[in-house]
Structure formats: C-alpha cells, structure tokens
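User: I would like to learn how to read a two-chain model, feature by feature. Could you walk me through one?

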Amino acid sequence: MGRVAFTHVTKRFGDVVAVDDLTVVVNDGEFFVLLGPSGCGKSTALRMVAGLEEVTEGVIEIGDRAVNRVPPKDRDIAMVFQSYALYPHMTVRRNIEFPLRTREVPRAERNTLVEHAAEILGLDTLLDRKPSQLSGGQRQRVALARAIVRQPEVFLMDEPLSNLDAKLRASTRVELVALQRTLATTVVYVTHDQVEAMTMGDRIAIMFEGALQQVGAPQDVYDKPANRFVAEFIGTPPMNTFAARLVSPDTLAIGAGTLPLDGVVADPATSEVIAGVRPEHLVVTSNDAGSEPGDAATTDGLVGTVTLVESLGHERHTRVRLDTGTELVVRQPASAVALVVGRGVRLRAKAHDVHLYDQASGIRLARDV
Amino acid sequence: MRRRKERQPYRLRETGLAYLMLLPAMVVFGVFVFYPFAKNFQLPFFSQPPKFGAISRPARYVGWKQWSDVLQSNDFRNTLLVTLKFTLITVPVGIALGLLLAVAAHQKLRGITVFRTIFSSTVATSIAVASVIFFSLTNPIVGFWQLRIGHGGITESPTWALPAICVVTVWQSLGLSFIVMSAGLQSIPDDLLEAARVDGAGAFSVFRNVTFPLLTPTLFFAFVVGSISSFQAFAQVDLLTQGGPLDHTRTLAYSIYKTSIEAGGPSDENKAAVFAIGLFVVVLILTVLQLRLERRVNYAR
C-alpha cells in the first residue's frame, strides 16, 4: 500500500519552523503535488518522507507503518532529485542498477529489471555511457529509471523538471504522468510551478510559510481558493483582489462601482471584505464609460481607465486602474477589440465569479446559495 | 594595421617596465635557485681532491665514472631504501588518518567546529617544532614520558628510530591531510549521498560506493604531494637522529646534506650532487604523474 500520511507533522530547524502542523493523507496510487513558493516547506515535507530529515513532532506513515525512526534505506521509496543526483563515476547501467545492488538482487534478475526500466525510458542505447556524456533530458531519464527500477511503494520527486528547458519540460510532463498511470504507484511531487501542479496532479496541496493552505483537485482549488494566498498564488495572471464593502446581501461596492453577488454571506463580521475576480472573468462591457452623461448613474460594474495592454499573441492582458486606485488585470482573447491606453472602461463580472475573503484572516467567506 | 603601429612604442615601454620590476626577483632566484640548479648538473662530472692544508687543489674531470660509483654504492642504496620505507609508511598512514578525522568532522554535530580547529591545528606547527616536542616528550632522561627502549631512547633504537621519525612526520602533516580530505568531502554534493541512502545504501555502503570513488582525485593529489614532501624529509631526521642509528634513518635529503657539508671527506660535494639529482628525478616523476593523471581520475564533466 503506497499511502503516505502526515499526522500533525512539524519540522523545526532551531527556531525556524519549516513545516507547521501538517496533516494530510496521500492516497495509494495517487499523483499528489506539493505546491508552494520557495521556502514554503514543501521540500522539507518531502525529505521527511524520504527520511533525509528527522520529524520534530508528529507521525509520518508510509503504507500502514510509522516511519519516523526508519532509516531511508528501509523505507521502500525512490526519489528523483532536482539535480538528478546521478553517480558520476558509474555508467548509466550501474546508476540504474544501484538500488538493486544495495538490496542484493541476484545478477540475472538485476539485468532484466535494468533493461526493462531502460526500455520504458528509451535509454537502451545509452547504458554504457557515463552521466557526463548525456544531455540534460537524458540525465533526467536516468534518474527516473533509477527510481522506477525497483518498483517501490512511493516515488518522491523534488522539482524533477526544473532543470529542463521549457519545451522539454512540457513534453516530459506528459510522459511522467503517463508513466505514473502505467505503474500506478503513488507519487509525491514537489514543485513551485503551478502549471506542473495543475496539469499533473490528481490532487494538489498548497503550502505557504510551512503551513498547509488547501488540498484538493486542481480544478476545485482553482475554482474555489480557500484563502487569499491561494487565490493570488494559483492562476497566471493571478486573481485580482481588492478591498470592497458589502452594501446589501447581493451587492458589493468598490468605489463608485458595484459587483453583484449570488447567495448570502453567512454571518459577516464586518461589511469590509476582500473581493476577488479572476482576470478571465472580468468582461469589458462599455468601451466609453464616463463619456456618456447618463452612464454615471449606472453603478453596475467597475469604472476605470486602461493603463497598459500586453499582447501574448493568443490573448491580451489589459491593466485597468479603478477609481479607487486599485489596478486590475483583464484577460481578453486576441479576437476582442483592442483597448487603447487612457480609455475609460466599465468592467463587469458574473455573480458566481466573485470571490469573497475575510479582510483580517484572508479566509474564504462561505455563501449560502 | 596603422593603429597597431601607433601602439608599438607604448607596448615596448610597458614590457621594459615589466622586466625592470621582475629584476629583483630574478636576481634572487638566479643566485639561489637557477645557478645552483644548473651547477648541480656539472658537479658530478668532477672530483675534488682533498685539501692540502689550506690549499685547495683544482677539481679533476672524472666523467660518468662518479655517477656509476655513487649509484652503485651501498650508501646510495641504503638511503633510497630508507626514504622509500619512510614514504610508504608516512603517506598512506597520513592519508588514512586525515580521511578518518575528516569523515568524523564532516558529521553535522554540535560543537564540531572546535574539533575541526583542533584537527587542523598542526598546519601551524613546523616539522622542526614537532620534532622538538617529540624529543621533549620521549627523551629517556629529560623527557616527559622518559620512553626507554633497550639502553637508550626511541630514537637510538635501530628498530624504532625510523617508526619514531614516521610518527612525528604523520602527526605534523595530519593537519594538512585533514584539511585536504575535508575539502574533498565537501566537494561531493549532498544530493549524491542522500540519493545513495534512499537507494538503499547504509552508511558504510554510501562511503564505499559513492564517497570513496568520488574522493579519488583528492586521494591521488594527497598521495603525490605527500610523497614529494616525504622524499624531501630533512628537519625531523636532523633534529632527532642525525640519520642514525647505523644509518637506519638516513633519508635522501639528509644524505645530501651530510655528504656535502658535514663529512669533510674527499670529493663530497660532487658525490652529493648525484644524490641531489636522484631526488630531483623522483620528484620530477611524481610531478609529471600528477599532471598527467589528474584529469583522468577526475569525474567532473
């Protein structure tokens, strides 16, 4: 059983808390991604599973066994390092075979397993080379082959794609997921790259400053970020967040403008909240807001001025400064009419696309629909 | 083309200035290194007759005969054998102990820096000082331990004099050996050691399969540098045994000194020159070996 369970796990380095009371269960056969900015504790969490860091408090289980006191070599795991950590003095064959040698697998079986792993990863012709004679992508494959050769309970991967160039990273991402589907082995995958997390993970766990922020399927996390940090971390460009005031159960006021709300905020502590709208959910409804005299009376939507237009080819990111001074990013398809800098605009969003967060704690405010 | 021509006088002036600044160093090196070095290759072809009172007679050309005489002499063979023994003991033991201490100090333990400082402290101790300390510890009459073997001290025993010299040498060189080995260990990426642990290797297996192979360039370097310094060992012999007892500790470097300056016998300076060239050849071979093989034992891309 390749289940990995963290129960109230804390890791301290002196006074620094690297992982703070982490409780999460990785299911058997799951591709589980630990996502967060650098220094958030995701790598430390992974290294504790590997046994490379001691657990300060709490329990880590692999399968049904608590492994806090089990040395790495007895944990039945394999790890892929960011640097690949290939043994430079050994050939590719010896590198892949090393985990089998240390466990004294008989020679004939060893050869079969090595050749099988090499075949899966297309390394058949490179077995006699030294790591220094390989390209970055090939090295990465050797590291993967060394991990899969022994069929462990859990694969641990620490940013395995970050040393590849962008193109190779995209293709390897796809192959890695396919490989995991074939082997049906649990993967705990650490990354700071949200694209990797979104595309590869069955579930993702977002960490910040050592603490777990949210766990869930990628789409759920994207659709319903649990707090302001997750809202601003997931998505490129990230969600727009800005101060707003609840004026009625279904209306939010931002400066002179308003946004509609669906559902009722359950028991709001104060009417001052943080509102969030993803760039693709903002729609430019009037290109010349403010120029028509009668328009000022309409409060539906947000009023602002275009300050910058960035074209990415397939889409445009348009920055709009609201009358409150806040800058929002609007994501538009390339087919939309291009806006000119300095132009007054009115932005609208659908009620269910507006997220609300508590101003003090940043926690998502639930709404009864 | 024209530009280059315009610059020429300036460059000439600059080169002249460079040579002018090099001159003092060149003079010192010329007098104390280059001239004696060249002269040393001329000396073996001549023989100096014994002095007649205060009158020294002119040197006589003897050709290659003196070379073969010296190289076949028991004195030379004994000297070479002693030096070889000395090197074969001090170098491996020094490396092994240095590595042991380096591995111990490489652990991430509280207060380990104190031990690192202690382990590397002998770097600040000269071999002469180490010899004097050894003497004052082991001397059978005035020494702290008053070590007595047979009728005399450890340095007077034919069996134990050479090991005693080796002990002083290993102890004094241990600091450097420790530092070199520590640097070697630190150059091995932590990732590799961690990967090996995850791949199922225990502490000893990690050392045998990863640490040690990746340390070979360092070990090779330490072996060559250690051998060169052991072949040149002089001060510890001069201070503790003067080559005795019965030439049991008469190393090559000490023999050169003894033959040319102290013995006072005939044509000694010329004989010593052959010894010196012997030492030069050994060091030359080791140096070439170092330069040639350095790249081959290196795994770096």
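**Reading the model**

Analyst: Let's begin with D76(A), which is partly exposed because 17 other C-beta atoms lie within 10 Å. For this label, C-beta atoms are placed from the backbone, and a residue with 20 or more others within 10 Å of its own is buried, one with 12 or fewer is exposed, and one in between is partly exposed. This is a predicted model, in which local features need pLDDT of at least 70, side-chain atom pairs count only at pLDDT 80 or more, and totals for chains, interfaces and linings use all residues. Residues are numbered from 1 along each chain as its sequence is written, and chains are lettered from A and ligands numbered from 1 in the order in which they are written.

User: What is the phi of D76(A), and where is D76(A) found?

Analyst: Its phi is near 55°, a positive value in a residue other than glycine. D76(A) sits in the loop between β5 (65–66) and β6 of chain A. Helices (H or I, at least four residues) and strands (E, at least two) are DSSP runs, numbered from the N terminus. In chain B, D247(B) has a phi near 60°, again positive in a non-glycine residue; D247(B) lies in the loop between α9 (235–240) and α10 (252–262).

User: Which peptide bond is cis?

Analyst: The one from T236(A) to P237(A), with omega near -10°. P237(A) belongs to the loop between α8 (228–233) and β11 (240–248) of chain A.

User: How many residues of each chain are in contact with the other?

Analyst: Contact here requires C-beta atoms, placed from the backbone, within 7 Å. On that basis, 18 residues of chain A meet 17 residues of chain B. On the chain A side, β6 (77–80) and α2 (92–102) each supply at least two residues.

User: Which residues have the most contacts inside the largest nonpolar core?

Analyst: A nonpolar core is a set of buried Ala, Val, Leu, Ile, Met, Phe, Trp, Tyr and Cys residues joined through C-beta atoms within 7 Å. The largest has 101 residues, and those with the most contacts inside it are L34(A), M79(A), A145(A), L156(A), V188(A) and Y189(A). Helix α4 (residues 136–148) of chain A gives the largest share, six residues. A second, separate core of 42 residues includes L99(B) and V274(B).

User: What pLDDT does chain A average?

Analyst: pLDDT is the predictor's confidence in each residue, from 0 to 100. Chain A averages 89, and 94% of the residues score at least 70. Over residues 288–297 of chain A, however, the pLDDT is below 50.

Note on methods: Contact = placed C-beta atoms within 7 Å.
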